[in-house]
Amino acid sequence: MERKVGFIGLGIMGKPMTLNLMKAGHTLTVFDLNQEAVSSLVEAGATAAASPKKVAENSDVIITMLPASKHVQEVVLGENGVLEGAKEGSVIIDMSSITPEVSKELAAEAAKKGVGMLDAPVSGGEPKAIDGTLAIMVGGNEDVFESVQSVLYGMGKDVTLVGDNGCGVTAKLANQIIVNLNIAAMSEALVLAAKAGINIEKMYQAIRGGLAGSTVLDAKVPMILDRNFVAGGSIAINMKDITNVMDTAHEIGVPLPLSSQLLEIFHALKVDGKIKDDHGSIVRYYEKLANVEVKRV
Ligand code: NAD
C-alpha cells in the first residue's frame, strides 16, 4: 500500500532510505537541518517541509533517522516538533539507534496524542541502506507494526518485531556489541598476521569459508587492504552506541568487560583524530601498538 511518508534526518542512512521509499511508490515529505540534503531529495521528487511539525501534518507515517537520543527528543517532542503536527492515528517510526529509555519515553508521549510509535533501528550500514536490504529490528505494538509493513519493507529485507516499545533499540545495542567486538577481534588477527609477514589477502581467502568467516570480515578486510577508512559507520556513531550499551548495562546490572575495553579503544581513536573515520579504523589502534600496517604485499 502506498503511503504519505514523512522523513526527518537525510544523512548517510536517511537519504538512500528515502530514495528507496520513493522507488516503492510512497509520497515523501522531508526535513533536515542540512539544506543540501533536502535539495538533493527534492530534485529526486520529494516535497520539502519547513519543520518536523509540517512534515507530520503532511504525513500518515513519520520516520526519524537522526544521530542520537537528544536529536530525536528535540525533533519529536520539541517546539515545532513531530507531535505538534501529528494526526491521531498516524505512526512515528524512529529508526535511529538510541537508548531504550528514551524510546519508551517517546512512545508514551506519542500515545497521549493517539499517535502510534515504533522503534525500528537498522543494521547493514550504508551499502544495505542503498540496496534497500537493511535488517530492521522493531519494538512496539503488533497492530501498529502490521499497519506500516509496506513502508518498512520499502527499506529493508529482514524486518522483525522483537517485542514491545524499546525492544528494537535493545536488540540494536546487542547488535552493536557483536559488530564492533568482531571488528576488534579481526583487527587483532590482521595485525598479528601482518607483523608475522604473511600475505593478508591469502589469509583472508583461506579463513573466510570457515568459522571465522563473517559479514564483518567480508565488509572490512577489503576496505582495510585498500586503506579506505571513509565512513560508512563512523567511530563517532559507534562510540555513541557503545556508550549507550555501557550505560544501559550498568543500569540493569550487567558487567561487560570486553565492551568496556572497546569503549576505551574508541576514546583513543578519538584523541588520535579519527572520530570521523569508519569503524574499520579500529585496526589502526592495533597497528599503532604493534608498529605495523595491514596492507597488500
Ligand atoms: P548522519 O550524521 O549521516 O545523518 C544524520 C542527519 O540528521 C544529518 O543529515 C543531520 O543534518 C540531521 N539532523 C541532525 N539533527 C537534526 C535536527 N534536529 N533536525 C533535523 N535534522 C537533523 O548519520 P547516519 O550515519 O545517517 O546515522 C543516523 C542513525 O542511524 C544514527 O542513530 C546511527 O547510529 C544509525 N545507524 C547508522 C549506520 C551507519 O552505518 N552510518 C548504520 C546503522 C545505523
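The lining of the second largest pocket has 11 nonpolar residues, 2 polar ones and no charged ones. Ala, Val, Leu, Ile, Met, Phe, Trp, Tyr, Cys and Pro count as nonpolar, Asp, Glu, Lys and Arg as charged, and the others, Gly among them, as polar. This is a predicted model, in which local features need pLDDT of at least 70 and side-chain atom pairs count only at pLDDT 80 or more, while totals for chains, interfaces and linings use all residues. Residues are numbered from 1 along each chain as its sequence is written, and side-chain values use heavy atoms, with hydrogens and water left out.

The volume of this second largest pocket is about 190 Å³. A pocket here is an open set of points on a 1 Å grid over the protein atoms alone, where a 1.4 Å probe fits and protein lies on both sides within 12 Å along at least five of seven lines; lining residues have an atom within 4 Å of a point. Points are joined across faces, edges and corners, and the volume is the space filled by probe spheres set on them. Of the 13 lining residues, Asn 182, Ala 185, Met 186, Ala 212 and Leu 217 are the closest to the centre. Helix 10, helix 11 and helix 12 each give two or more residues to the lining. Helix 10 has the largest share, 5 residues. Helices (H or I, at least four residues) and strands (E, at least two) are DSSP runs, numbered from the N terminus.

Met 186 also belongs to the largest nonpolar core, which has 35 residues. Such a core is a set of buried Ala, Val, Leu, Ile, Met, Phe, Trp, Tyr and Cys residues joined through side-chain atoms within 4.5 Å. Buried means under 20% relative accessible area (1.4 Å probe, protein chains only). Helix 10 (167-196) is one of the elements that supply at least two residues of this core. Its share, 9 residues, is the largest. A second, separate core of 33 residues includes Phe 7, Ala 46, Ile 63 and Val 138.

Phe 7 leads on to Thr 29, since Thr 29 is in contact with Phe 7, among others (heavy atoms within 4.5 Å). Thr 29 sits in strand 2 (residues 27-31). Thr 29 is buried, with a relative accessible area of 7%.

Val 82 lies in helix 5 (residues 82-85). Val 82 is buried too, at 0% relative accessibility. Its contacts beyond four places in sequence include Ile 8, Pro 52 and Ile 92. Val 82 and Ser 51 are 31 residues apart in sequence, and 8.3 Å apart in space, C-alpha to C-alpha.

Methods
Buried means under 20% relative accessible area, exposed over 50%, partly exposed in between (1.4 Å probe, protein chains only).
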